[in-house]
Amino acid sequence: MLLVGAVATASAQPPAGVRFAVPPGASAPHDAYVYGIVQDAIGYVWIASEDGLHRYDGVDFEPFRADPGRPGALPGNRVTGVDVDTEGAIWASVDRFGVIRVPAGWRQPERLPLPDVGTLNVTLLGIAHGHAWIRYEGSRADRTDYRPMHARVDLSTGRVMRLRTSVVGLGVAGGHVLATTSTAAAIYAGDGVWRRVLDASSPSLVAGDRLGVIVERNALFVFDGEILRREPLPLPESLRVPNLKLWLDGDVICGFSQTRPGLVAYAMADGRITTYTVQRPDPVVQPSVTFVTTNDDGVTWVATGDGLRTITPGWS
């Protein structure tokens, strides 16, 4: 499988400086669905996947999977989220087992109790403000109307605080937490206080390496740490798709969605749009991009429904 790029206004050649590569290592999760990627302070890249948690040291991958007879093994293989706290501990959500914490140095995983939340379809969205922020499957009393719910878990006390049911979107990035309802967007200010930063009808949360809000599917407001950028950024038509996720690197916005294959890169400075598509032997099945992130070395990781690729630095 390859990822190739085509500039919308030029020939179908990858932009200069952009190279897609297969990460080396026999244990790379090439055939597993990837849910999240994060880099710790040491430089290890951690990959949450359908086939366990994988650690990349720049040369090879070390897999961590479920093994009932092995001390320190994961409780399950479907790892739906991963993040790192300020002490270097790894936090991950494992389907049907909830959230676990692995102390630095990979010692015995510790399970985080989640009373009144359960463990079904729990996803760790990130660590911020001393809390683990999660999405889980809630329901009515009759257990027939399941819907996504959100909560924050105090890392020091283990106390679980469910967010209001009016929260429809929750994103964590750069130590910030942004939530959306049907009428507004708010940033978490700490100590249980939320600060409203935008009033709009049906704002759509976008989360990746940065946080933002799409209003009326044609303008993007980017959160810069204090406020949402006041001047709306018009989105090209190619980025106006359902379930959009965004990744920002400098002045380049990458958009991807599980409802369509490939990846769209939009350079805000000059308006150039580059579309990357997945090339496979079977042209009928084109997997979508599921996750994009950039580590501290400037290497971009691109996960699709059936593999993992990297982009060397440079979007020129």
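Ala, Val, Leu, Ile, Met, Phe, Trp, Tyr, Cys and Pro are counted here as nonpolar, Asp, Glu, Lys and Arg as charged, and the others, Gly among them, as polar. The structure is a predicted model, in which local features require pLDDT of at least 70 and side-chain atom pairs count only at pLDDT 80 or more, while totals for chains, interfaces and linings use all residues. Residues are numbered from 1 along each chain as its sequence is written, and side-chain values use heavy atoms, with hydrogens and water left out.

By these classes, eight nonpolar, five polar and five charged residues make up the lining of the second largest pocket. A pocket is an open set of points on a 1 Å grid over the protein atoms alone, where a 1.4 Å probe fits, with protein on both sides within 12 Å along at least five of seven lines; lining residues have an atom within 4 Å of a point. The volume of this second largest pocket is about 400 Å³, taken as the space filled by probe spheres set on the points, which are joined across faces, edges and corners. Arg 164, Val 167, Thr 181, Ala 186 and Trp 194 are the closest to its centre of the 18 lining residues. Strand 14 (160-162), strand 16 (176-180), strand 17 and strand 18 each contribute at least two residues to the lining; strands are DSSP runs (E, at least two residues) numbered from the N terminus.

The loop between strand 17 (184-190) and strand 18 (193-199) contains Asp 191, which has a positive phi of about 55° although it is not a glycine. Most residues other than glycine have a negative phi.

Eight aromatic pairs are present, defined by ring centres of Phe, Tyr and Trp (its six-membered ring) within 6.5 Å. One of them joins Tyr 56 and Trp 301 edge-to-face (planes over 60 degrees apart), at 5.3 Å centre to centre and 75° between the planes. Because Tyr 56 belongs to strand 5 (residues 52-56) and Trp 301 to strand 28 (residues 300-304), the pair ties together parts 245 residues apart in sequence. Tyr 56 is buried at 10% relative accessible area, and Trp 301 is buried at 3%. Together with Phe 61, Tyr 56 and Trp 301 form one aromatic cluster.

How values were computed
Helix = DSSP H or I, 4+ residues; strand = E, 2+ residues; numbered from the N terminus. Phe/Tyr/Trp six-rings, centres within 6.5 Å; stacked < 30°, edge-to-face > 60°. Buried < 20%, exposed > 50% of the residue type's maximum accessible area, 1.4 Å probe, protein only.
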